[in-house]
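Welcome, and thanks for taking a look at this structure with us. Please take a moment with the sequence and the 3D view before reading on.

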Amino acid sequence: MLMAMVAMTYTFADQQETEGTNTFSCGDQVSVKIEPATGYHFVQWADGNIENPRLVTMDDTKNLAAEVAVNQYTIKFHNWDGTPLCEDLILNHGDAISYTGNEPTKTATAKYTYTFSGWNPNLPNPAVATKDTTFVAQFDSTLNKYSVVFKNWNGDTLQLESLDYGTTPVFKAANPTRPDDSVYSYTFTGWDKSITPVTGGVAYIAQYSNAGRTYSITVTSNDPTYCTTEGSGIYQYNSKVTITATPKDACYEFIKWSDGNTSSMAFAPSRSCRARAATAIRSDSAVRRSLTATASSAIWFSARITQAT
């Protein structure tokens with residue numbers, strides 16, 4: 001029986017290694033296969049054949065050499081949204097992987113602020129290339145806080161706090177107040193905008209309804225027997241008020257009001273009557289004076305009269 005040998009050698013980029021020698025019967029059809037080491041791949045046989053495994057007819061001693069090359073991998077670094085962070089790396093099997101770009105960032109939203117936390121898949125230190133890999137930046141999220149302030153009508157701060165996004169503010173104190181002034185009294189009606197869950201810094205301003213203040217006008221006489229008065233009542237601020245003092249007859253004369261006002265009155269002569277010293281002598285009948293005053297505070301008016309002699 002004739003025998004033939006096949007000797008297989010495969011070549012790496014930087015070395016040659018003989019796998020071994022086997023003996024077969026002449027004429028045998030032999031299946032020959034190269035299994036490269038981890039990180040390498042079959043390229044071709046020395047005779048240009050690219051089949052692996054391949055059939056060899058044993059009609060003579062065969063020396064088969066295979067070309068084996070190291071694997072190369074594409075390494076990518078992408079941001080969270082798929083945007084490339086640097087140029088792709090082309091690395092040989094076993095080469096160290098290193099990211100040398102700027103630290104990835106993610107734009108904050110109204111709700112969250114983001115902090116870079118690493119890669120997916122995890123990038124150990126050291127890391128070596130073993131396959132095509134895309135590393136995607138990962139981020140931790142922090143819920144944003146915002147300043148929420150409640151202010152009174154004059155800008156005074158009633159309540160200030162920092163609240164998480166999405167939290168609905170609550171005014172914790174009693175309803176705010178606004179002091180009355182000479183013109184109006186004020187009642188709290190709410191805030192200048194609806195209170196809604198926090199989406200950003202916000203200020204709420206106290207709102208008030210106003211009502212014109214009212215004042216009591218009291219009209220009296222120092223001697224109601226000889227002088228009658230009219231005009232007492234409750235009046236709105238700035239309204240026009242008419243008050244009158246009417247002496248009993250022509251022997252009485254209006255002198256002044258208790259606030260010192262001595263505005264002249266219309267009168268018509270009727271009969272003569274002597275007046276007391278320091279009192280003007282008048283001939284009048286049905287003496288009546290109408291006083292128009294503007295109410296500016298709670299005022300008590302009284303009319304003074306003098307009896308003529």
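The briefing below goes from the whole chain to its sheets, its cores and a few single residues.

Please keep in mind that this is a predicted model. The chain has 21 strands and zero helices. Of its 309 residues, 29% are buried.

**The chain as a whole**

- The secondary structure amounts to 21 strands, with zero helices to go with them.
- If you look at contacts between residues at least 6 apart in sequence, 54% of them join residues at least 24 apart.
- The chain exposes about 18700 Å², and carbon and sulfur atoms supply 48% of that area.

**A four-stranded sheet**

- Strands S8, S7, S10 and S9 form an open sheet in the order S8-S7-S10-S9, and the pairing in this sheet is mixed.
- S8 and S9 are the edge strands, since each of them pairs on one side only.
- From one strand to the next, the twist averages 30 degrees.
- Inside this sheet, S7 and S10 run parallel and are joined by four bridges.
- To find this pairing in the 3D view, look for His78, which stands opposite Val136 in S10.

**Strands S11 to S14**

- S11 (residues 145-151) and S12 (residues 157-164) pair in the antiparallel sense over seven bridges.
- S11 and S12 form a hairpin with five residues between them.
- Gly155, in the turn of that hairpin, has a positive phi of about 95 degrees.
- As background, most residues other than glycine have a negative phi.
- S11 also runs parallel to S14 (residues 202-212), and four bridges join these two strands.
- Val149 stands opposite Ala203 in S14.
- S14 has an antiparallel pairing with S13 (residues 184-191) as well, over seven bridges.
- In that pairing, Gly190 has Gln207 in S14 as its bridge partner.

**Nonpolar cores**

- The largest nonpolar core holds 14 residues.
- The residues with the most contacts inside this core are Ile75, Phe77, Ile97, Trp119, Leu123 and Phe135.
- S7 (72-78), S9 and S10 are the elements that give two or more residues to this core.
- Apart from this core lies another one of eleven residues, with Tyr146, Phe171, Trp191 and Tyr204 among them.

**Two cis peptide bonds**

- As background, most peptide bonds are trans.
- The bond from Asn120 to Pro121 is cis, with omega near 0 degrees.
- Pro121 sits in the loop between S9 (112-120) and S10 (133-143).
- The bond from Asn125 to Pro126 is cis too, with omega near 5 degrees.
- Pro126 is also found in the loop between S9 and S10.

- Asn144 is found in the loop between S10 and S11.
- Asn144 has a relative accessibility of 11%, so it counts as buried, given that buried means under 20%.
- Leaving aside neighbours within four places in sequence, Asn144 is in contact with Thr109, Ala110, Lys111, Tyr112, Thr113, Leu163, Asp164 and Tyr165.
- Glu87 is found in the loop between S7 and S8 (89-92).
- Glu87 counts as exposed because its relative accessibility is 70%, and exposed means over 50%.
- Glu87 and Gly101 are 14 residues apart in sequence, while their C-alpha atoms are 9.4 Å apart in space.

**Cysteines**

- How many disulfides does the model have? The count comes to zero.
- Cys26 is partly exposed, with a relative accessible area of 39%.
- Cys86 is partly exposed as well, with a relative accessible area of 26%.

Methods
Residues are numbered from 1 along each chain as its sequence is written. This is a predicted model: local features need pLDDT of at least 70, side-chain atom pairs count only at pLDDT 80 or more; totals for chains, interfaces and linings use all residues. Side-chain values use heavy atoms; hydrogens and water are left out. Buried means under 20% relative accessible area, exposed over 50%, partly exposed in between (1.4 Å probe, protein chains only). Contact means heavy atoms within 4.5 Å. Accessible areas come from the Shrake-Rupley method with a 1.4 Å probe; for residues, only the protein chains shown count as cover. A nonpolar core is a set of buried Ala, Val, Leu, Ile, Met, Phe, Trp, Tyr and Cys residues joined through side-chain atoms within 4.5 Å. Two strands pair if DSSP finds at least two bridges between them. A disulfide is a pair of cysteine sulfur atoms within 2.5 Å. Axes are lines fitted to C-alpha atoms, for helices over the stretch in contact, and angles run from 0 to 180 degrees between N-to-C directions.
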